[in-house]
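Please look through the sequence and the model shown here before reading on. The text then goes through a few of its parts in turn.

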Amino acid sequence: MIDPLTGNVIVFNGEIYNFQSLRQDCEKNGDRFTSHSDTEVILALYRRYQHDCLKFLRGMFAIAIWDERRQQLFIARDRIGKKPLNYALTATGLAFCSEIAPLAFHPAVDDSLDVEALEFYLQLHFIPAPHTIYRGIRKLPPAHYAIIDREGMKLQQYWEVDYRRKIQISEADALEGLEDKLTEAVRLRMIADVPLGALLSGGVDSSVVVALMAKLSGEPVRTFSIGFDEAAFNELPWAQVAADRCQTAHHPEIVKGDVEHILPALARHYGEPYADSSAIPSFYVSAAARRHVTVALNGDGGDELLGGYPRYQLPQYALTSAGIAGGIVSARQIAELGTRLLGAKSITMRVARRALMRLVAPEIQSILMFDAAWNDRQRAELLPQSDKYLLRDWRTEWFTRAFAKAENPIDRMLWLDNHIYLPGDLMVKMDIASMHCGLETRSPLLDHELIEFCAALPVQYKVQGGEGKYLLKKLAERYFASPFVYRRKMGFGIPLASWLRGPLSDVLQDTLRDSRLMAPLEQAVINRTLSEFRNGNSAHESRLWSLLMFGTWRQHHADLHSRILARPSI
């Protein structure tokens with residue numbers, strides 16, 4: 001869209017949920033509009049405030065604006081990282097795109113393998129910003145903007161959440177505040193001129209969102225769930241309980257193990273190696289929803305909002321002892337300890353690991369959560385070119401920043417999850433899975449005003465009595481029975497080991513034994529890991545899945561490159 005008053009040009013992907021109120025404010029200031037889109041509102045705000053326009057936007061977005069008068073490009077990404085923005089600085093200018101793959105085939109872009117990015121991938125199972133698998137392509141980090149002109153590129157962070165700024169508030173008032181803010185976030189995201197529904201996993205987060213939607217809606221909410229034949233991975237019965245309680249028009253589906261056909265689609269759409277296996281159910285539930293609706297709300301972000309993962313469930317004595325140790329143990333020491341304890345096998349190391357997690361530095365679990373992946377010792381064997389300081393220095397940097405923004409272990413883990421795991425893995429997973437199906441997903445629990453409110457809450461409203469998401473579960477009690485709210489957390493996993501030994505066995509063998517696809521990884525290490533898995537070592541399932549997805553991406557990249565080279569020149 002072009003601004004007729006300035007000649008500025010915008011490319012915009014996303015949704016601004018408060019654009020109607022912003023438009024009214026702009027009209028009071030004399031602006032006139034020719035459309036009903038949020039895109040035109042962004043242009044008006046930029047015309048008046050330049051990069052400060054971002055502070056008014058409540059939503060998910062990737063934006064690029066060519067400023068005609070200043071002869072510069074302004075690019076920006078939303079606070080949480082819901083929408084991607086990839087770019088490549090080349091000798092002839094800048095290219096940018098929502099997806100990675102198209103940039104990799106731009107003739108001016110360096111598409112060689114970034115070994116550092118591969119090392120991050122093997123440890124995390126995703127590649128964190130600003131890296132991509134390609135040396136010439138980078139990701140704009142969440143909550144950042146950049147200005148590109150003849151002098152180069154200047155990157156700037158425009159938003160940060162600070163867990164140190166606590167408010168004094170009673171539990172009753174905090175609960176009312178949470179419900180008010182979450183209800184507003186849901187209401188804003190229900191504004192749509194297309195069919196609307198919700199992804200209902202059966203967990204507390206999505207169930208509360210659906211309950212609020214049902215309260216706000218004048219008709220039954222359409223909800224969608226998927227499950228598996230294996231009971232340990234199947235939450236469909238709980239999703240049905242939530243659907244019945246909220247009187248939704250519910251659509252459950254069972255996913256079988258015949259998923260080989262989806263692997264090339266994962267490689268194609270993610271554009272780089274990505275090994276969160278829950279991408280598969282995310283694809284399936286998005287496809288199921290898209291058959292009925294165009295927009296769907298979900299429960300993403302609840303665990304990172306108020307501490308829902310088991311690692312957050314620290315007793316008071318752990319918080320007290322960690323508070324004392326915090327004055328002694330530095331962020332660098334925590335990072336180094338975490339590095340040493342990744343993959344710990346001896347009894348002595350396991351005892352030390354538990355003591356550190358529970359008494360000295362619970363934040364260390366933000367490293368140890370990746371223990372099922374290729375740890376530092378294993379990566380040194382698998383990837384001989386690995387830099388033994390890369391991950392250690394990366395961890396140190398993030399821990400140092402977390403200590404500067406939070407004063408207790410729970411808040412520090414929340415800060416870390418909101419800056420690494422959430423934008424690097426969870427947001428990538430759902431954006432790609434849903435957009436592949438033509439479905440737009442909206443996440444009320446990731447509303448930045450709600451995040452700021454919860455960050456400011458005293459820690460006992462997040463974890464209390466060993467119970468995570470304490471305040472959110474209190475809110476859930478208003479809509480669901482206690483056995484539903486306080487059952488054991490299941491997550492959104494798949495029966496990966498049985499699939500790799502069953503329907504995916506052949507493709508796993510063929511891919512991992514192809515040294516062309518596995519390069520530059522050591523084939524002997526891969527063969528040994530595969531053999532151990534076939535002999536019953538299920539601890540390798542995540543490591544083998546990461547190799548399978550790496551090889552699938554390599555094959556897709558090679559096939560696509562061959563097709564492009566085979567095209568006749570014009």
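The paragraphs below cover a sheet, a pair of helices and a pocket.

The model is a predicted one. Begin with the open sheet, which three antiparallel strands form in the order S5-S4-S6. Strand S5 (93-97) and strand S6 (138-139) lie at its edges, each pairing on one side only. Strand S4 (residues 86-90) pairs with S5 in the antiparallel sense, over five bridges. Within that pairing, Leu 89 has Leu 94 in S5 as its bridge partner.

Next, turn to helix H5 (residues 171-189) and helix H6 (residues 204-216), whose axes come within 10 Å and cross at roughly 70°. Crossing angles from 65 to 115 degrees count as roughly perpendicular, and H5 and H6 are therefore roughly perpendicular to each other. On the H5 side, the contact is made by Glu 179, Leu 182, Thr 183, Val 186 and Arg 187. H6 contributes Val 208, Val 209, Leu 212, Met 213, Lys 215 and Leu 216. By class, the residues of this contact are seven nonpolar, one polar and three charged.

H17 gives the most, with 10 residues. The lining of this pocket comprises 27 nonpolar, 10 polar and 11 charged residues.

Methods:
Residues are numbered from 1 along each chain as its sequence is written. This is a predicted model: local features need pLDDT of at least 70, side-chain atom pairs count only at pLDDT 80 or more; totals for chains, interfaces and linings use all residues. Side-chain values use heavy atoms; hydrogens and water are left out. Helices (H or I, at least four residues) and strands (E, at least two) are DSSP runs, numbered from the N terminus. Ala, Val, Leu, Ile, Met, Phe, Trp, Tyr, Cys and Pro count as nonpolar, Asp, Glu, Lys and Arg as charged, and the others, Gly among them, as polar. Axes are lines fitted to C-alpha atoms, for helices over the stretch in contact, and angles run from 0 to 180 degrees between N-to-C directions. Angles under 35 degrees count as roughly parallel, over 145 as roughly antiparallel, 65 to 115 as roughly perpendicular and the rest as oblique. Contact means heavy atoms within 4.5 Å. Two strands pair if DSSP finds at least two bridges between them.
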